[in-house]
Amino acid sequence: MNRYPRDMQGYGRNIPNANWPGGAHVAVQFVLNYEEGGENNVLHGDAASEAFLVDVLGAAPWPGQRHANVESMYEYGARAGFWRLHRLFTEANLPVTIYGVATALMRAPEQLAAMQEAGWEIASHGYKWVQHKDMPPEEERSQIAEAIRIHTLATGSRPLGWYTGRSSLNTVDLVAEQGGFAYISDTYDDDLPYWKVIHGKPQLIIPYSLSTNDMRFVTGPGFDNGEEYFQFLKDTFDCLYAEGQAGSPKMMSLGLHCRLVGQPGRFQGLKKFVDYIRTFDKVWVPTRLDIARHWAEQHPYVAPEVIPSHLDRADFVTRYGSIFEHSHWIAERAWDGELAPANDTAVGLHFALRTQFRAATPEERLAVLRAHPDLAGKLAAAKRLTADSTAEQASAGLDALTDAEREKFTALNTAYVQKFGFPFIIAVRDNTKASILKTFEKRVSNTAEEEFATACAQVERIALLRLKALLP
């Protein structure tokens, strides 16, 4: 079974209305990452010094050594940057979500008290602020459990939100396996929350963003100054606000770091943005937990009746083997090929089936054409059509012809089959009895090459219409 795990479909054209409180056009969510004291450091038992997201040009880990400059930059975040940001948000009375590294929180009693006094949500940012990409699953599972334990000791309650950041391919699954989280944010793949089934259970995912993240002050291409930062945030907000006005409200996530945007020159860009959005009405500024609770209430998980890419081969072929008339081999080949979440809609599954039809030999495609019944022919009269064909022909009134109409169809069917070697095929649901007859008379004069291509296109169209009756 060849299954592509990445979801390239998402909401597609069917974007849900977020229905933010107060009819807000956009939800602007501020995250303050608290990592200072949880970063790589030989004092913390790590193999090397930290080198990530600091103002040291070309920083690299120093095995077995401390890095005085990097350490002091992290210390600036705790000593000065945090308090500058704390003043901004408390004076503006705007809620914040803290992504708190467990070991960092244990080294920040004053900052933690200030977070809790402000009523900020404190989500987990993992056990330590280290890279997880090469971490064995068992070790990462253990660190997730330890992060929750220490977080609970520090804050008095377990975290309800999770974001690792420097994650592995296993992170989301392992956090969902641990359970108890209202949301997980280790993705960047949407402007809205969504549900994902993990280990058989629905888990709410609230995507994060790195494009609006202040980390771009120290990564390239990035922001050179606070004005560039403000302009990018403003443009993002303006776009999302306009989409919300048009009836499609979205979410904007801003990721902040005490040691980065907490620097005075950068801070001015953030302050300017905070002042800017406060001039608008219909802007909701929640915590991520607020978003999670709102989404669970307004858009609770509803299990789909069927997920095509999750079916076993026999069930898949039983359900979709007749989409291309009497040609189960197309469904068999589609199942044997690459299926993914993008193939779980009518359009997506049609693409998978259609691809196999197009990849077939001319002889195989001709057999599919010949598997179709005549329009208003003997099989219809004898009520021996498939259920799909019966319903399709009835939709255009082909099951209730006058004697004259039946004679005309019979004559055209005979002439057509004699010329092309397969029955006349048309997507009946797109037509009326009159338009079918008109098209029939026109196509019988086509060349064999033209008509083979036209008939194949109609077969594909019929398949799509059949799938749209079954899937979203």
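Figure 1. F217 is buried, because its relative accessible area is 10% (buried means under 20% relative accessible area, exposed over 50% and partly exposed in between, with a 1.4 Å probe and protein chains only). The residue is found in the loop between β8 (201–205) and α6 (226–245); helices (H or I, at least four residues) and strands (E, at least two) are DSSP runs, numbered from the N terminus. Leaving aside neighbours within four places in sequence, F217 is in contact with F223, N225, G226, Y229, V261 and R266, where contact means heavy atoms within 4.5 Å. F217 and A427 are 210 residues apart in sequence, and their C-alpha atoms are 57 Å apart in space. This is a predicted model, in which local features need pLDDT of at least 70 and side-chain atom pairs count only at pLDDT 80 or more, while totals for chains, interfaces and linings use all residues. Residues are numbered from 1 along each chain as its sequence is written, and side-chain values use heavy atoms, with hydrogens and water left out.

Figure 2. With a relative accessibility of 1%, N33 counts as buried. The side chain of N33 makes a polar contact with the side chain of Y208, at 3.2 Å. A polar contact is a pair of N or O atoms within 3.5 Å; within protein, one must be able to donate a hydrogen and the other to accept it, and residues adjacent in sequence count only if both atoms are side-chain atoms. When neighbours within four places in sequence are left aside, the residues in contact with N33 are Y99, H125, Y163, Y208, G255, L256, H257 and C258.

**Figure 3. H257 in strand β9.** H257 is found in strand β9, residues 250–257. This residue counts as buried, at 2% relative accessibility. Not counting residues up to four places away in sequence, H257 touches L32, N33, E35, L53, L85, N213, D214, M215 and G262.

**Figure 4. The crossing of helices α9 and α10.** Helix α9 (residues 313–320) and helix α10 (residues 328–336) have axes that come within 9 Å and cross at roughly 140°. Axes are lines fitted to C-alpha atoms, for helices over the stretch in contact, and angles run from 0 to 180 degrees between N-to-C directions. The angle therefore makes α9 oblique to α10 (under 35 degrees counts as roughly parallel, over 145 as roughly antiparallel, 65 to 115 as roughly perpendicular and the rest as oblique). R313, F316, V317 and Y320 of α9 make the contact with H328, A331, E332, A334, W335 and D336 of α10.

**Figure 5. The crossing of helices α15 and α16.** The axes of helix α15 (residues 403–420) and helix α16 (residues 433–443) come within 10 Å and cross at roughly 35°. On the α15 side, the contact is made by E405, K408, F409, L412, N413, Y416 and F420; on the α16 side, by K433, I436, L437, F440, E441 and R443.

**Figure 6. D430 between two helices.** D430 is found in the loop between α15 and α16. With a relative accessible area of 42%, D430 is partly exposed. Leaving aside neighbours within four places in sequence, D430 is in contact with R461 and L465. The C-alpha atoms of D430 and E392 are separated by 9.8 Å, and the two residues are 38 residues apart along the chain.
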